[in-house]
Amino acid sequence: MEVKLWNDKREREMYENFAELYAIIKATEKLEKAYVRDIISSSEYETECQKLIAHFKTLAFTLKDTVPSIESFADTYKMDCPAAINQLVTSGVPATVEHRAAAATSATNSAAIVAECVQNFITAMDSLKLNMVAVDQVHPLLSDLSASLNKLGILPPDFEGKMKMKEWISRLSKMGAADELTEQQARQLHFDLESSYNSFMAALPSACT
């Protein structure tokens, strides 16, 4: 006995689209697992994933009235495909593209913080040369420098610049706002800043310089 799954051409087309959507989700899940397990190369993964995402977007648009939620579709047909749902619905781009974007953002952020550190170093050293040696003039500059150094993840906690700035800030905090550094203290601070700046530049990877 033949069982008809549809009553007319439109219904038949809908079920065929359902079958294709099911196949795309399953294929994407297998592709994601293959990539995570390093079974295929990044370039092969990206090419195939882009194809699946393109097919999915076209089909999802076609089915937007009958399948308003892909997650509900997956639940209805007992599809345990979290990686596919994430890539097709949430992300919309291959994981390799996401990784490149994240790396580029991280590099951009690091470059901005490096520039901030350099500016704070130079400002502090120039201020001392201009004889700005009062505590309420020096303390904010060293605080800004210390904060920018601490934001840069590539520097270790015991980095020379961090340690020296912490020592100087602690020393200045015990003085009055109107107190001034002696000539010897100002000279030592400038030396420590210059030494820390040179160590900072030497510690940077080439990508940030």
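A residue is called buried when its relative accessible area is under 20%, exposed when it is over 50%, and partly exposed in between, with a 1.4 Å probe and protein chains only. By this rule Asp-38, at 64% relative accessibility, counts as exposed. The model is predicted, so local features need pLDDT of at least 70 and side-chain atom pairs count only at pLDDT 80 or more, while totals for chains, interfaces and linings use all residues. Residues are numbered from 1 along each chain as its sequence is written, and side-chain values use heavy atoms, with hydrogens and water left out.

**The whole chain**

Begin with a cartoon of the protein, which contains eight helices and zero strands. Helices (H or I, at least four residues) and strands (E, at least two) are DSSP runs, numbered from the N terminus. Of the 209 residues, 35% are buried. Now display the surface: the protein exposes about 13000 Å², and carbon and sulfur atoms supply 54% of that area. Accessible areas come from the Shrake-Rupley method with a 1.4 Å probe, and for residues only the protein chains shown count as cover.

**Two loops with positive phi**

Select Asp-38, in the loop between helix H1 (9–36) and helix H2 (42–62). Its phi is near 60 degrees, a positive value in a residue other than glycine. Lys-78 is not a glycine either, yet has a positive phi of about 50 degrees; at 72% relative accessibility, Lys-78 counts as exposed.

**The largest nonpolar core**

A nonpolar core is a set of buried Ala, Val, Leu, Ile, Met, Phe, Trp, Tyr and Cys residues joined through side-chain atoms within 4.5 Å. Select Phe-121, Leu-142, Leu-149, Leu-181, Leu-189, Leu-193 and Phe-200, which touch the most other members among the 28 residues of the largest core. At least two residues of this core come from each of helix H5 (95–129), helix H6 (135–151), helix H7 (160–173) and helix H8 (183–203). H5 gives the largest share, eight residues.

Centre the view on Phe-121. Beyond its neighbours within four places in sequence, Phe-121 is in contact (heavy atoms within 4.5 Å) with Leu-145, Leu-149, Leu-193, Ser-196, Tyr-197 and Phe-200. Apart from this core lies another, of 25 residues, including Tyr-45, Leu-59, Phe-73 and Leu-88.

**The cavity**

On a 1 Å grid over the protein atoms alone, a cavity is a set of points where a 1.4 Å probe fits but cannot get out, and its lining residues have an atom within 4 Å of a point. Grid points are joined across faces, edges and corners, and a volume is the space filled by probe spheres set on the points. What volume does the largest cavity have? The value is about 30 Å³.

Select its lining: Ala-124, Ser-127, Leu-128, Met-132, Val-138, Leu-141, Leu-142, Leu-189 and Leu-193. H5, H6 and H8 are the elements that give two or more residues to this lining.

Is Ser-127 buried or exposed? Ser-127, in helix H5, is buried, with a relative accessible area of 8%. Leaving aside neighbours within four places in sequence, Ser-127 is in contact with Met-132 and Leu-141.

**A last stop**

Finish at Thr-182, in the loop between H7 and H8. At 43% relative accessibility, Thr-182 counts as partly exposed. The C-alpha atoms of Thr-182 and Val-133 are separated by 8.1 Å, although these residues lie 49 apart along the chain.

Terms used
On a 1 Å grid over the protein atoms alone, a cavity is a set of points where a 1.4 Å probe fits but cannot get out, and a pocket is an open set with protein on both sides within 12 Å along at least five of seven lines; lining residues have an atom within 4 Å of a point.
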